[in-house]
Amino acid sequence: MTELILHHYPASPFAHKARCVLGFKQLAWRSVTVPSVMPKPDVVALTGGYRRTPVLQIGADIYCDTALICDVLEHLRPEPTLYPPHLKGVSRVFAQWADGTLFAAAMAYNLQPRAAEALFADYPAGAAQAFSADRRAMGMAHLAVPDAAAAYRSYLRRIANMVEEHDFLFGAEPCVADFAAYHPLWFTRHCVPMMADILSATPAVLEWMDRLAALGQGRAEKFSAQDAITVAAGALPQPMPPQVFQDEHGIALGSRVSIAAESFGTEPTEGLLVAATRMHYTLARSDARAGTLHVHFPRIGYVLRAI
């Protein structure tokens, strides 16, 4: 298996989701630290425009969005599984809710002014304002703090009801739903601990979080962004497997297209459409530094347009 390279930064909740899945799968990976705000020239050299964190790189194949990253890691190491057969549907539906609705409420609560001030206390002057401006430019939904706090408390009680019955959300073993629900709560507990009192009313949630943390984050090795680009430039994208082309747009394979997130970080990536399966899109593109690349996106949550 070609080495896994994760482009991330320590305080990114979604990056933590990916790191925890790497731990669950007991995988070794190379760690490239990226900026938390634009500009991100090394990331964009690989993705062609997509700027969310994290991004998974395997040679000259670039995988965007943790929903797709989870699928890729499941394919590379099927056991232990993220998608138990009897939970395949419900675990994905729950994960989508957690990555969207739960995340939005938790982060609006987590990043209220006093927490943001503490989070950036050791950063250069203006870092907090730059982060806020960057997230506004990405189109981050902003709930009023009282509304976010009320929703977050309610969601924590619902999660507590689930993990009071067994060790993880849907049984004795974790699945993709656990990792999707965990990462915004991890941010509360570890990145803005002055806000973590909200977790104290649900001790079962804290115990569940401890069980997930005990799985670790795999075996990481520091790697530079330039070395990652060199890896891409020296590799070729993996051949596309013989998958059924699912055309929902009337756009033929080989057409020049753009793909962008439906919301939050909608910068498009342009290239040639080389795959459109039931689950994902793949674009072929070239970069002066990184060479020929395949950039992969999940279908759900992304917009495909002909250019």
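**Close-up views of a predicted model**

**View 1. Strand β9 and its two partners.** Eight bridges connect strand β8 (residues 280–287) with β9, and the two strands run antiparallel. The model is a predicted one. A hairpin of three residues leads from β8 to β9. Within this pairing, T282 lies opposite H296 of β9. Strand β4 (residues 61–64) also pairs with β9, in the parallel sense, over three bridges. Here D61 has H294 of β9 as its bridge partner. Strand β9 spans residues 291–298, and six of its eight residues are buried, so the strand is largely enclosed by the rest of the structure. In a regular strand, side chains alternate between the two faces of the sheet.

**View 2. The crossing of helices α8 and α9.** Helix α8 covers residues 176–191, and helix α9 covers residues 203–213. The axes of these helices come within 10 Å and cross at roughly 105°. Angles of 65 to 115 degrees count as roughly perpendicular, so α8 is roughly perpendicular to α9. From α8, the contact is made by D178, F179, A181, Y182, L185, W186 and R189. From α9, V205, L206, W208, M209, D210, L212 and A213 take part. By class, the contact of α8 with α9 holds eleven nonpolar and three charged residues, with no polar ones.

View 3. Residue D167 sits in the loop between α7 (145–163) and α8 (176–191). Is D167 buried, partly exposed or exposed? Its relative accessibility is 40%, so D167 counts as partly exposed. Setting aside neighbours within four places in sequence, D167 is in contact with A172, W208 and R211. D167 and R211 are 44 residues apart in sequence, and their C-alpha atoms are 7.8 Å apart in space. W208 also belongs to the α9 side of the contact between α8 and α9.

**View 4. Helices α1 and α3 side by side.** Helix α1 (residues 13–24) and helix α3 (residues 66–76) have axes that come within 10 Å and cross at roughly 10°. Angles under 35 degrees count as roughly parallel, so α1 is roughly parallel to α3. On α1 the contact is made by F14, K17, V21 and L22, and on α3 by T66, A67, C70 and L73. Six residues of the contact of α1 with α3 are nonpolar, one is polar and one is charged.

**View 5. D99 and the residues around it.** Helix α4 (residues 88–110) contains D99. With a relative accessibility of 18%, D99 counts as buried, because the limit for buried is under 20%. Which residues does D99 touch, not counting those up to four places away in sequence? They are F14, K17, T66, A180 and H183. Among them, F14 and K17 of α1 and T66 of α3 also take part in the contact between those two helices.

**View 6. S31 in strand β2.** Residue S31 lies in strand β2, which spans residues 28–33. The relative accessibility of S31 is 13%, so S31 counts as buried. Residues up to four places away in sequence are left out of its list of contacts.

Notes
Residues numbered from 1 in each chain as written. Predicted model: local features only at pLDDT ≥ 70, side-chain atom pairs only at ≥ 80, totals over all residues. Heavy atoms only, no water. Helix = DSSP H or I, 4+ residues; strand = E, 2+ residues; numbered from the N terminus. Buried < 20%, exposed > 50% of the residue type's maximum accessible area, 1.4 Å probe, protein only. Contact = heavy atoms within 4.5 Å. Axes fitted to C-alpha atoms, helices over the stretch in contact; angles between N-to-C directions. Parallel < 35°, antiparallel > 145°, perpendicular 65-115°, else oblique. Nonpolar A, V, L, I, M, F, W, Y, C, P; charged D, E, K, R; others polar. Pairing = 2+ DSSP bridges.
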